[in-house]
Amino acid sequence: MLDAKIPAGQLDDKWTDYKGHCKLVNPANKRKLEVIVIGTGLAGASAAASLGEMGYKVKAFCFQDSPRRAHSIAAQGGINAAKNYQNDGDSVFRLFYDTIKGGDYRARESNVHRLSEVSANIIDQCVAQGVPFAREYGGLLSNRSFGGTQVQRTFYAAGQTGQQLLIGAYQALERQVALGNVKMYNRHEMLDVVVIDGKTQGIIARDLVSGNLERHFGNAVLLCTGGYGNVFYLSTNAMGSNVTAIWKAHKKGAAFGNPCFTQIHPTCIPVSGDHQSKLTLMSESLRNDGRIWVPKNVGETRKAIDIPEIERDYYLERRYPAFGNLVPRDVASRAAKERCDAGFGVGTSKQAVYLDFADAILRYGKIEVGKEGRENVSEEEIIVLGKEVIKEKYGNLFDMYEKITGENPYELPMRIYPAVHYTMGGLWVDYELQTTVKGLYCLGEANFSDHGANRLGASALMQGLADGYFVIPYTLGNYLADEIYNKPVSIDHPAFIEAENEVAKRINTLMNVKGSQSVESLHKRLGKIMWDKCGMARNAEGLKQAIEEIKELRKEFWNDVKIPGTINEFNPELDKANRVADFMELGELMCIDALERNESCGGHFREEYQTPEGEALRDDGNYMYVSAWKLKSESNWELHKEELKYDVIKPTQRNYK
Amino acid sequence: MEHYNMNLTLKIWRQKNKNDKGGFQSFQVKNISSEMSFLEMLDVLNEQLINDNQDPIAFDHDCREGICGMCSLYINGKPHGEWKGNTTCQLHMRAFKDGETVTIEPWRAKAFPVIKDLIVDRSPLDRIIQAGGYISVNTGNAVDGNSLPINKDDADASFAAAMCIGCGACVAACKNSSAMLFLSAKVAHLALLPQGAPERHSRVMNMVAQMDKEGFGACTNTGACEATCPKEISISNIARLNLEYLSASIVAEK
Amino acid sequence: MTWKQVFTSSVGKKLVMGFTGIFLILFLIVHVGLNACIWADDGGKMFNAGAHFMGANWVPRILEVGLFLGLILHIIQGLMLVFYNRSKRGIQYAVDYGNKGSKWYSRSMGLLGTIILLFLVLHLSNFWFPNRSNQGFLLGEEINLYQKMEEVFSVLWVVIVYVLGCISLAYHLAHGFQSAFKTFGVYNKRWHSIISTLGFVFAIIVPLMFALMPLSFYFGWIS
């Protein structure tokens with residue numbers, strides 16, 4: 001049923017072979033082929049720019065006021081690449097291996113290997129575009145290390161790597177706009193895919209300023225719309241991040257892969273109250289120097305600095321002596337939750353742990369003193385020098401923390417708690433990034449492909465750009481080569497009209513509910529169900545309850561939602577309602593998927609399946625597959641399984657102890 | 001940090017659409033926590049307005065972590081509010097006192113027409129980038145990243161300019177509604193790198209021409225842009241742009 | 001890019017302001033240096049000798065034409081820029097950004113310049129015009145400018161207008177001097193801090209010396 005179209009041959013030859021044999025489109029024909037790109041983050045902007053450069057007629061859409069706003073911009077830490085500039089034994093294979101292992105053996109070998117192969121090209125491309133990566137004094141590129149690896153392969157631009165990479169892709173995109181190869185549609189939201197005879201032929205989009213619906217023809221449609229973490233209401237995603245585009249595709253026949261695989265990031269600023277609208281991440285790089293702890297006494301009331309060393313529990317160092325504070329994200333998050341659930345949490349909500357830099361400040365201070373060759377330096381002075389070093393390394397993150405919490409993290413330990421950050425799940429795609437609908441592709445976080453059940457730090461940027469710059473330009477040509485024989489479908493084709501009518505009908509229905517509850521309040525309730533029952537730890541009981549509760553809530557939504565204003569005007573509440581309506585359906589599928597997967601792996605932790613020490617217990621015998629769900633009718637999905645075959649890597653129990 | 005609750009009077013610009021004349025409307029909000037962000041306070045107001053069957057306030061926002069550049073708002077006479085080096089979404093309510101009146105206006109510039117309430121059209125900034133704010137390198141053209149060593153100071157200075165989030169606060173703050181800080185951040189970012197050298201002359205010429213065409217004013221070096229920039233982009237970038245412009249015009253062929 | 005395009009762009013217009021501004025600053029140095037001769041306490045002998053050289057020699061007289069052209073260009077371009085920039089806002093803010101982000105005088109160059117212009121009208125009609133008309137606008141007989149100063153600066157309101165003109169000039173220079181160099185592209189901190197210090201000192205000393213001239217006559221500090 002599911003054909004991943006993995007090329008035959010040796011793992012490390014597959015991509016080269018594919019590129020050598022895939023069909024090409026000649027330049028004259030490229031001008032006649034139209035490609036629609038939805039979303040302008042790293043994947044979308046890089047794809048739109050690259051395809052524009054190649055000569056395709058591209059239309060790119062984003063719901064924000066400019067393509068540069070896409071949420072890739074918020075990525076802080078860095079981007080991995082198997083360059084081995086540090087001479088520390090890195091290689092394409094190592095990056096491939098780390099990514100598969102980090103993903104808890106639930107990713108497709110061939111895709112991940114290709115990702116590792118092109119990773120080096122990404123860095124070259126970005127440098128050529130003028131991305132100002134951090135450099136050493138000799139003028140060469142600098143690297144740092146990230147969780148789950150033993151080499152330094154992460155390239156970065158201070159704490160704003162995502163921003164710099166996106167600006168690079170954005171500039172490339174704007175260049176194509178200026179050259180007329182790409183037409184940009186800002187403040188537009190895709191609301192349906194038009195599929196004719198099993199082939200994607202275009203989209204229905206809504207101009208968010210005028211409220212008008214538009215039909216756009218495309219020989220192929222690329223969905224690059226990011227993750228759906230906002231189904232949890234509170235997440236580190238942008239307020240506008242949504243599932244709508246891929247959900248519409250799902251409803252038109254695209255299978256949804258591993259929907260329940262969600263990454264909960266361990267170091268976020270904790271929730272401060274009911275008013276909270278989003279959560280802010282503190283980069284994983286902080287765990288290089290910060291030590292995570294909670295008090296040893298339940299119900300501790302003293303301030304952090306008044307708790308003596310002996311009464312502190314550095315639980316990550318205690319449980320995982322080998323990796324300590326640098327265990328992968330899923331492990332660190334669960335450990336924090338375990339401590340807080342057991343009553344050791346700190347802060348007013350008791351849903352937080354400390355991330356403490358006091359030791360690092362002292363250590364760096366001593367190094368500084370050592371550099372200057374001084375002796376008999378007072379501790380105060382060492383601390384001052386140490387703070388300088390910490391400021392140099394993490395200044396912008398510390399400032400951000402202080403702005404949000406009003407506390408000075410140089411003096412007091414940070415309070416952190418895990419939060420929803422990334423969704424490994426997404427539309428199922430084959431080796432060519434094509435979904436189960438012909439001509440419909442999915443790139444970046446929106447697809448399910450490369451990270452298995454858990455993503456390693458600094459790999460999201462790598463995947464987004466790999467898909468957009470180096471994969472889709474080849475694989476799309478392989479499909480479009482045959483499209484040159486078909487005449488473009490008119491946007492007056494009945495299928496277009498019908499799709500538009502469907503969209504209009506749904507919007508009308510929404511507007512005419514005229515109920516009493518705001519979109520926001522209903523979204524919040526959905527988020528609470530998801531977080532409590534399909535969050536960091538799940539169990540069959542809770543998931544079954546959640547499925548029923550979501551169904552109820554969805555009914556309530558369609559009967560009682562209140563949307564002010566009218567359709568044909570700029571109406572952010574209506575835009576939001578459209579998105580939340582889709583989350584209400586997605587939430588159910590996530591719970592169904594989580595319930596079906598009777599094992600724990602990566603970010604998916606089923607309480608029933610754990611080792612005596614509380615570690616995730618995988619079941620490779622029964623669950624070594626990708627769950628690809630196809631929608632049959634409302635609340636009725638059919639599971640298709642793509643067996644994962646590991647030809648090169650031998651899956652083992654992940655061990656970070 | 002002591003938390004407290006406050007009641008505020010909000011004086012907010014309302015404008016139905018581009019062609020509407022618009023005007024101020026006052027609102028009361030109660031029990032606002034000092035821990036809220038400014039936009040969360042507006043969320044509270046909007047919930048209140050929806051409950052009272054009124055149109056909620058439209059304002060731009062997305063990442064709410066100070067990097068996407070989508071949020072705007074001219075708060076009590078300063079773009080992004082009173083805090084230095086800060087965006088509106090990162091402004092927190094502990095910056096305000098109980099009983100205070102807060103005036104919220106959209107970015108004001110002819111080049112940024114109001115779309116609705118506090119939302120303006122900033123697409124001119126995209127068009128300025130289209131005029132030359134890039135390096136013309138197609139995907140696949142690149143050589144090895146380390147084949148071109150770049151002096152660390154230059155790379156750092158380039159990064160400091162490239163941090164611009166394109167929010168338009170510089171335009172909003174400038175008495176001339178000039179986009180020169182935005183423009184110069186991009187020119188400096190690319191001029192400081194060897195990769196940007198081949199196009200440096202045409203880039204600065206074309207970008208300045210586009211800025212003029214979009215209807216922004218001229219820079220008079222008052223420094224209001226630098227003082228308001230959430231990423232604290234230095235005004236020295238404008239001087240660098242001027243030098244780029246001067247040298248480009250001197251070496252021009254015709 | 002033609003010269004016309006260069007100098008009519010927003011950056012080009014600023015270049016014109018900068019070039020003419022620096023030219024006028026150079027003139028101020030000459031002017032203040034020459035006029036300082038009144039303090040030689042020789043009954044105006046040295047001063048009149050200098051003034052004679054400026055008025056009765058072809059070289060400075062030709063330069064004078066350039067000075068007027070530069071001045072007129074500076075005035076016209078400046079006023080046009082003020083109106084051009086002012087038209088770019090549309091609706092004004094209800095709460096002004098004010099002095100929180102910039103110095104008042106950096107935002108008031110048009111106003112300060114206009115005050116200086118008004119002062120210049122008086123100043124030229126006091127000295128330059130009577131002298132040149134006496135010369136028949138060629139190299140004819142000059143009037144005794146020292147005596148003329150004594151006469152003009154015996155009237156209180158004239159002295160007050162001159163002092164106000166000098167204050168305006170001081171603030172105009174405080175921004176204009178360093179701004180011109182920014183416009184020419186001096187971006188490095190090292191040079192910029194030297195230039196802004198120099199500009200500040202210049203903006204205080206030169207207008208102060210000018211202001212002291214009418215005051216010296218009025219209060220009889222020179223014989």
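# Reading strands, helices and contacts

Visitor: Which residue of E20(A) stands opposite A:Gly257?

Guide: A:Gly257 stands opposite A:Ala628 in E20(A). Here you are reading a predicted model, in which local features need pLDDT of at least 70 and side-chain atom pairs count only at pLDDT 80 or more, while totals for chains, interfaces and linings use all residues. Residues are numbered from 1 along each chain as its sequence is written, and chains are lettered from A and ligands numbered from 1 in the order in which they are written.

Visitor: How many bridges join strand E10 of chain A to strand E20, and in which sense do the two run?

Guide: Helices (H or I, at least four residues) and strands (E, at least two) are DSSP runs numbered from the N terminus, and two strands pair if DSSP finds at least two bridges between them. In this case two bridges join E10 (residues 256–257) of chain A to E20 (residues 625–633) of chain A, and the two strands run antiparallel. E20(A) also pairs with strand E21 (residues 636–643) of chain A, again in the antiparallel sense, over eight bridges, and there A:Trp629 stands opposite A:Leu639 in E21(A). E20(A) and E21(A) form a hairpin with two residues between them, and A:Ser635 in the turn has a positive phi of about 60°.

Visitor: In what order do the strands of the five-stranded open sheet in chain A lie?

Guide: In a regular strand the side chains alternate between the two faces of the sheet. The five strands of this open sheet in chain A follow the order E5-E2-E1-E9-E17, with parallel pairing. Its edge strands, each of which pairs on one side only, are E5 (182–185) and E17 (440–442) of chain A, and the twist averages 20° from one strand to the next. Within this sheet, four bridges join E1 (residues 34–38) of chain A to E9 (residues 220–223) of chain A, which run parallel, and the partner of A:Ile38 in E9(A) is A:Leu223.

Visitor: Which helix of chain A lies across E1, E9 and E17?

Guide: To read such a packing, take axes as lines fitted to C-alpha atoms, for helices over the stretch in contact, with angles running from 0 to 180 degrees between N-to-C directions; two residues are in contact if their C-beta atoms, placed from the backbone, lie within 7 Å. Helix H7 (residues 244–251) of chain A lies across E1, E9 and E17 of chain A, and runs at about 130° to E9(A).

Visitor: At what angle do H5 and H12 of chain A cross?

Guide: The axes of helix H5 (residues 109–129) of chain A and helix H12 (residues 460–483) of chain A cross at roughly 85° and come within 9 Å. That makes H5(A) roughly perpendicular to H12(A), where angles under 35 degrees count as roughly parallel, over 145 as roughly antiparallel, 65 to 115 as roughly perpendicular and the rest as oblique. Among the residues that meet are A:Leu115, A:Val118 and A:Ile122 in H5(A), and A:Leu465, A:Tyr469 and A:Phe470 in H12(A). By class, this contact of H5(A) with H12(A) has nine nonpolar, four polar and one charged residues; Ala, Val, Leu, Ile, Met, Phe, Trp, Tyr, Cys and Pro count as nonpolar, Asp, Glu, Lys and Arg as charged, and the others, Gly among them, as polar.

Visitor: How many residues does each chain give to the contact between chain A and chain B?

Guide: The contact takes 65 residues from chain A and 65 residues from chain B. On the side of chain A that touches chain B, the largest share, nine residues, comes from H6(A), and the residues of that side divide into 26 nonpolar, 23 polar and 16 charged.

Visitor: What is the order of the five strands in the open sheet of chain B?

Guide: The order is E2-E1-E5-E3-E4 in chain B, and the pairing is mixed. The edge strands, each pairing on one side only, are E2 (23–33) and E4 (78–79) of chain B. Strand E3 (residues 74–75) of chain B pairs with E4(B) in the antiparallel sense over two bridges, and B:Tyr74 stands opposite B:Pro79 in E4(B).
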